[in-house]
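Welcome, and please take a moment to look the model over. We will walk through a few of its helix pairs and then visit a pocket.

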Amino acid sequence: MRLLFFGPPGAGKGTQAKIVAKEFNVEHISTGDILREAVNKGTDLGEKVKSIMERGELVPDEIMNELVKQKLEEVNSFILDGYPRTLEQAKFLDAVLKQIKKEIDAAVLIDVPEDEIVKRISNRRVCPNCGKVYNLITLKPKNDEKCDNCGTKIVQRDDDKENVVRERYRIYRKNTEPVIEYYRKNNKIVTVNGVQDVEEVTKELFNMLRRFRNNDNN
Ligand code: AP5
């Protein structure tokens with residue numbers, strides 16, 4: 001199964017992609033997570049993208065394309081979460097998939113309006129050690145503000161301040177909505193209502209995705 005996950009910042013892409021990847025035994029490739037890890041480790045890539053991400057802007061296409069190409073050469077089934085985000089990236093992805101003779105089964109759009117997004121993101125906290133994602137309203141850690149997995153104090157992401165979130169949303173509308181239209185024209189878009197409990201969104205997704213389960217060995 002090969003899927004793309006779309007949706008505005010904070011729509012729940014990462015939350016749902018992790019659950020779906022585990023259920024259907026596919027690789028979860030989150031470009032945001034890969035970049036944040038590079039920033040945390042202070043690698044060359046991390047140094048290049050740190051300030052771009054803090055401003056909520058997009059990392060240049062050449063960097064993202066190279067990074068994703070390498071990942072796709074290593075796996076068969078996958079969920080791409082956060083890529084492609086520009087038409088350039090979408091066309092590059094088409095070319096890579098053609099080269100490696102693979103196809104996307106579906107592009108999943110998790111639909112959530114702007115006000116809900118700002119509310120969710122302002123309450124998002126993440127574990128800086130293991131990456132687990134929390135929400136101070138809907139998904140609190142069991143013990144104070146400590147990670148359930150490893151006990152590390154959970155923190156707010158640098159790009160989760162309200163002004164940066166609004167900028168990320170503006171960029172999503174300008175650069176990524178045309179990409180969604182691109183996949184809509186190719187009949188690949190399936191939409192789920194993201195304004196429901198996490199479990200309800202998952203249920204809708206599972207029902208929709210079971211038909212692609214058998215494509216894993218293609
Ligand atoms: P990235 O990490 O991809 O950020 P994003 O797309 O803005 O998405 P988020 O991670 O903010 O949200 P999400 O939809 O995964 O929501 P989550 O599940 O966490 O990218 C970050 C940056 O990297 C970009 O700004 C850019 O600079 C760069 N970048 C990455 N890819 C790039 C590319 N291809 N090209 C160029 N630059 C790139 O959920 C959010 C919160 O809501 C959590 O607290 C969660 O617990 C809660 N929640 C989730 N679902 C629900 C629900 N159903 N009900 C209530 N609460 C919920």
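Helices (H or I, at least four residues) and strands (E, at least two) are DSSP runs, numbered from the N terminus. The model is predicted, so local features need pLDDT of at least 70 and side-chain atom pairs count only at pLDDT 80 or more, while totals for chains, interfaces and linings use all residues. Residues are numbered from 1 along each chain as its sequence is written, and side-chain values use heavy atoms, with hydrogens and water left out.

Two packed helices are described by the angle between their axes and the distance between the axes. Axes are lines fitted to C-alpha atoms, for helices over the stretch in contact, and angles run from 0 to 180 degrees between N-to-C directions.

Let us begin with α2 (residues 31-41) and α3 (residues 44-54), whose axes lie 8 Å apart at an angle of about 110°. That makes α2 roughly perpendicular to α3 (angles of 65 to 115 degrees count as roughly perpendicular, under 35 as roughly parallel, over 145 as roughly antiparallel and the rest as oblique). On the α2 side, the contact (heavy atoms within 4.5 Å) is made by Gly32, Leu35, Arg36, Ala38 and Val39. Their partners in α3 are Leu45, Gly46, Val49, Lys50 and Met53.

Next, find α1 (residues 13-24) and α8 (residues 198-209), with axes that come within 10 Å and cross at roughly 45°. These two helices are therefore oblique to each other. Residues of α1 including Ile19, Val20 and Phe24 meet residues of α8, among them Val201, Leu205 and Phe206. By class, this contact has 8 nonpolar, 3 polar and 1 charged residues (Ala, Val, Leu, Ile, Met, Phe, Trp, Tyr, Cys and Pro count as nonpolar, Asp, Glu, Lys and Arg as charged, and the others, Gly among them, as polar).

Now turn to α5 and α7, which pack at about 40° with their axes 8 Å apart. Leu87, Ala90, Lys91, Leu93 and Asp94 of α5 meet Pro178, Val179, Tyr182 and Tyr183 of α7. Of these contact residues, 7 are nonpolar, none polar and 2 charged.

Which helices each supply at least two residues of the lining of the second largest pocket? They are α5 (87-99) and α7 (162-185), and α5 gives the largest share, 3 residues. Asp94, Tyr182 and Tyr183 are among the lining residues, and the lining has 4 nonpolar, 1 polar and 5 charged residues.

Terms used. 1 Å grid on protein atoms, 1.4 Å probe; cavity = no way out; pocket = protein on both sides within 12 Å on 5 of 7 lines; lining within 4 Å.
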